[in-house]
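Q: Got a new structure up here. Can you walk me through it?
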Amino acid sequence: MRGNETLLDFRTSKFVLRISRDSYQLLKRHLQERQNNQIWNIIQEHLYIDIFDGMPRSKSQIDSMSGSLAGEAKREANKAKVFYGLLKEPEIEVPLDDEDEEAENEEGKPKKKKPKKDSMGSKSKKQDPNAPQQNRIPLPELKDSDKLDKIMYMKEATKRIRLGPDNLPSICFYTFLNAYQGLTAVDITDDSSLIAGGFADSTVRVWSVTPRKLRAVKSATDLSLIDKESEDVLERIMDEKTASESKILYGHNGPVYGISFSPDRNYLLSCSEDGTVRLWSLQTFTCLVCYKGHNYPVWDVQFSPHGYYFTSGGHDRVARLWATDHYQPLRMFAGHLADITCTRFHPNSNYLATGSADRTVRLWDILNGNCNRIFTGHKGPIHSLAFSPNGKFLASGATDGRVLLWDIGRGLMIEELNGHTDTIYALKFSRDGEILASGSMDNTVRLWDAVKAFDDIETDDFTAATGHVHLSENSLELQLGTYTSKSTPVIHLHFTRRNLLLAAGGCYSPF
Amino acid sequence: MAEERRPKPCSVILPTESMKAIAESMGVGQLQEESCVALSEEVSYRIKEIAQDALKFMHHGKRRKLMTSDIDYALKLKNVEPLYGFQSQEFIPFRFASGGGRELHFYEEKEVDLSDIINTPLPRVPLDVSLKAHWLSIEGVQPAIPENPPPISKEQQKTESTEPLKAVKPGQEEEGPIQGKGQGAANAENKGKEKCVVRMKARSTHELSVEQQLYYKEITEACVGSCEAKRAEALQSIATDPGLYQMLPRFSTFISEGVRVNVVQNNLALLIYLMRMVKALMDNPTLYLEKYLHELIPAVVTCIVSKQLCLRPDMDNHWALRDFAARLMAQSCKTFSTTNNNIQSRITKTFTKSLLDEKTQWTTRYGCIAGLAELGPDVIKTLIIPRLSVEGSRIKAVSEGPVVSNIDKIGADHVQSLLLKHCASVIAKTRPLPDNSDQYRTDYGYLGPMLCSHVVKARAQAALQAQQVNRTTLTITQPRPTLTLSQGGVSGVSGPRTPNIIKVPSSLTLPVQTLVSARPVTPTQPSPPATKYIVMSTSAAAATTQQVITLSSARSTSPITSPAPSSASTMQPLVKLEHGGASAGAAATGAGGSRPVQKYIVVSLPSAASETKGASLTSPLPASSGPAPVLDSSSKTDRSDSPGASGH
């Protein structure tokens with residue numbers, strides 16, 4: 001048993017217990033009266049007792065926080081300041097934007113313009129006090145194409161549906177038929193034009209869900225013949241002969257457990273059982289880089305929302321931060337006591353959340369590699385994470401079928417969402433953060449009222465002061481809907497820019 | 001949920017005997033008890049560790065079932081060479097066997113005939129992965145399309161209609177009200193399951209969306225329209241579409257009104273179409289019609305017993321409609337009759353009453369008899385056969401007496417053939433031999449002699465069928481012919497087990513052809529969960545020896561009762577003849593489910609050697625069983641619980 005790392009962890013590190021001062025003193029007195037020195041020694045040796053002042057917690061409060069491999073997180077662990085605010089949106093002139101809309105509906109013109117300007121203005125003028133410095137983490141410069149994409153995004157955002165308890169999103173379900181090879185990962189691009197699936201037979205397949213087919217760039221010799229000055233050079237470099245609805249990327253030699261599109265849709269990352277992360281070009285549909293560092297299976301990989309950086313985590317218990325142009329990791333985040341099962345970037349790209357098989361969620365600062373938050377409370381390995389779009393909250397889902405909501409700024413659990421009966425593989429907030437969607441192995445998509453869940457906490461000062469959780473009795477009140485598919489586990493969820501919910505899963509009968 | 005699924009702390013440790021057995025198989029003879037204990041602890045720990053790691057791969061593979069590949073990857077993590085060649089098509093590749101007070105799990109390795117593999121056509125290339133999109137929900141409402149599960153499951157419709165009070169009990173309101181939030185009450189029925197139980201109001205409203213109204217219009221038009229292709233399509237849709245629950249009341253009213261009108265107008269074609277609609281509705285697996293039977297049953301019964309169903313009763317074949325409707329009636333009796341509604345007894349009463357009525361017309365009489373006859377042999381026996389002589393004289397009066405009308409004559413003919421058809425099969429089963437024409441006449445009157453010839457025919461057919469049944473059972477129950485060498489042709493074929501009684505031929509040598517020439521094979525299905533592996537002997541010679549024979553491979557050194565695999569040959573078949581309690585002669589003719597059987601129970605351990613089971617089994621067999629080919633042809637492997645082996 002000497003080789004077992006988990007056991008080693010138990011031996012070397014102390015189990016953390018949080019006890020109120022009164023309880024601690026009672027325990028101490030009791031043991032001294034009974035002369036139970038042995039037990040006292042054990043406590044001294046193997047337990048770390050984190051004492052806090054004030055009222056002892058109720059049993060349900062303790063239960064809700066327990067479950068992690070190494071006990072609860074210490075109070076100090078969650079003390080550090082986290083800049084959870086969003087970065088300032090780069091100023092982009094939106095000149096052409098309104099022209100066609102004006103032509104379309106002249107009546108709606110004055111109404112439509114106003115709110116847009118307001119929302120834009122408020123973002124750019126006021127600097128969020130909780131936001132990190134704009135250049136805290138060097139981010140890649142925006143290219144022209146990125147700006148175009150941003151403009152598209154804004155356009156779409158104006159057509160976005162306001163969601164709420166009375167206005168539930170429509171759900172479109174993408175089923176991967178005949179997935180005998182076992183669908184293991186799915187990702188959808190931000191603009192919902194491409195879907196990629198990772199399979200147990202170590203292939204990655206990319207589909208186009210728009211009428212635009214996938215085309216590869218012409219070969220080098222053909223490219224040299226093209227007139228580079230021409231207007232439609234971007235169109236000319238594409239090889240029409242390769243157009244098809246889906247492409248298969250071969251390269252891994254183990255099941256592909258995680259995939260992620262780059263925000264600009266030019267690249268795709270995939271990680272696999274073979275211990276590598278691969279970067280694929282969606283222009284040529286070939287592998288560009290093979291990042292080796294994890295020697296064990298890599299469970300998850302994700303691009304930063306600003307591109308360039310990406311993160312991976314796997315069986316070796318280390319999360320790594322990479323940049324696409326470095327073949328070695330920039331940061332290594334060590335601290336988890338078991339496999340890192342999922343990783344997510346904070347919307348401002350300054351932080352990284354990792355969920356682990358040791359049943360904790362950790363938030364890491366990318367700048368200095370510190371672990372700023374440890375969230376305990378799950379009773380099983382965590383398989384999904386999602387940041388709210390405003391960056392304040394984090395949702396996590398685990399094999400125990402529960403979704404937990406966390407306040408990042410204060411380091412608190414806010415809510416526990418019970419309802420699923422199996423592992424939750426997908427979590428996603430709607431674009432405006434009103435609704436949280438969760439997808440699970442139990443073949444259901446459930447919608448939760450995120451506004452209501454977060455509202456309670458904002459007003460509740462008491463919880464914030466003591467750090468105790470007050471979970472509402474019935475989290476089902478937050479549930480807005482349950483949608484069952486026939487026999488398809490939901491393994492990915494995605495809100496389009498107009499707040500249409502896309503769900504994806506593989507349908508395979510025998511296994 | 002989380003609490004329930006949390007694994008219980010377990011401290012299962014492999015038994016030390018296994019360690020010894022494994023050591024023996026490795027060539028280590030004497031292993032001390034202490035080292036066995038240490039080893040078993042270590043091995044158990046390692047196995048658990050690997051299982052835990054394999055679970056991780058299962059979770060990340062987004063599966064609920066652990067696969068052999070997960071174990072392989074877990075071994076790879078530990079830098080251990082994976083186990084090659086353990087890919088299995090089935091979930092659990094092990095077979096279970098019990099006998100002699102022991103239970104064994106073993107890895108079945110069937111004998112494969114290479115020529116068969118070469119000769120079989122290539123399997124179809126599996127389809128490529130493709131993407132399919134459908135609406136799981138539209139603005140919070142789940143549309144009723146085939147891709148989505150039916151809005152209200154059949155069980156629920158059933159409980160709703162059979163136990164209406166249960167729905168409003170306060171204790172039933174589990175999580176219903178919460179789910180309904182945010183949707184209009186009218187839509188509520190489309191949605192989650194629990195909600196419907198709680199909302200009484202929602203159950204009574206059946207609002208149709210515009211699409212549904214269009215669909216209803218299209219379907220009803222197609223069903224009674226003139227285009228047969230369209231009708232087939234529409235009926236297919238009714239029979240399979242999962243989202244029809246909302247439209248059921250409309251459909252049932254449509255049918256009942258349609259029958260009402262068309263009976264008056266004697267429109268036979270339309271009546272047939274409407275009955276086909278009823279059939280389609282009944283065939284739909286997602287619908288439970290109980291609530292609409294009050295409309296449907298009168299319509300169906302009308303089609304059975306109505307005096308006149310068509311304009312030209314002497315020309316049109318309205319008898320077929322009566323037969324069809326009678327079958328429908330029987331089907332709904334079978335499905336929906338409960339102690340509460342007493343459908344079957346009420347229907348039976350209705351039929352009997354008009355059957356007993358002297359003035360009943362031939363058409364109605366025909367319908368009554370058909371309706372009763374479809375309800376099963378018991379009804380025929382108690383209600384129709386006693387009436388045979390009365391009906392017979394009535395028929396006689398028409399056919400031999402002065403010609404009244406052509407219509408009556410046709411009617412009498414049809415009633416006669418109907419009676420003969422249904423009664424003959426029942427009489428053939430119940431009446432003892434011999435079939436004497438005169439005896440029949442005294443018993444059944446005018447119809448007696450005709451009945452007699454029909455019964456004789458029925459008996460002959462039954463005998464023929466029994467023979468066929470016998471053959472099919474032989475082949476069907478042999479999905480894995482490990483023993484019989486001559487049966488390579490049927491390997492891998494498994495069909496639904498016929499519930500027929502297995503009639504074992506008394507002859508010792510069964511022609512091989514019967515085994516190979518299987519009935520046209522039903523599509524290959526996953527083999528039923530096999531718990532037993534029993535070889536039944538039919539050999540008369542073997543049956544006389546009633547002691548328990550245990551056979552073991554000649555080279556095997558370890559005692560048979562030990563579970564350890566022998567070191568020399570890993571194959572160790574134990575053949576045991578169990579005392580069946582009766583002689584083989586009885587077994588040969590026995591037709592009851594409790595027929596005593598002589599059983600060979602073959603318990604075999606995984607074999608690594610190329611030795612075939614058949615060969616190793618036959619070589620040490622006592623002389624009484626005869627040479628190998630005889631055993632092969634006369635013994636059957638039966639993996640499913642055949643009635644004869646039910647004692648095990």
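Q: How much area do chain A and chain B bury between them?
A: In this predicted model, chain A and chain B bury about 5,200 Å². Of that, 58% is on carbon and sulfur atoms. Buried area is the accessible area (1.4 Å probe) that two parts lose on being put together, summed over both.

Q: How many residues does the contact take from each chain?
A: It takes 65 residues from chain A and 48 residues from chain B. Contact means heavy atoms within 4.5 Å.

Q: How many salt bridges across the interface?
A: The rule finds 4 between chain A and chain B. A salt bridge is a side-chain nitrogen of Lys or Arg within 4 Å of a carboxyl oxygen of Asp or Glu.

Q: Which residue does Arg64(B) form a salt bridge with?
A: Asp422(A). Their closest N and O atoms are 3.2 Å apart.

Q: Switching to strands. Which element gives the largest share of chain A's side?
A: S3(A), with 7 residues. Strands are DSSP runs (E, at least two residues), numbered from the N terminus.

Q: What does S3(A) join in chain B?
A: Strand S3 of chain B, residues 130–137. The two run antiparallel, joined by 7 bridges. Two strands pair if DSSP finds at least two bridges between them.

Q: Where does Leu177(A) stand?
A: Opposite Ser130(B) in S3(B).

Conventions:
Residues numbered from 1 in each chain as written. Chains lettered and ligands numbered in written order. Predicted model: local features only at pLDDT ≥ 70, side-chain atom pairs only at ≥ 80, totals over all residues. Heavy atoms only, no water. Helix = DSSP H or I, 4+ residues; strand = E, 2+ residues; numbered from the N terminus.
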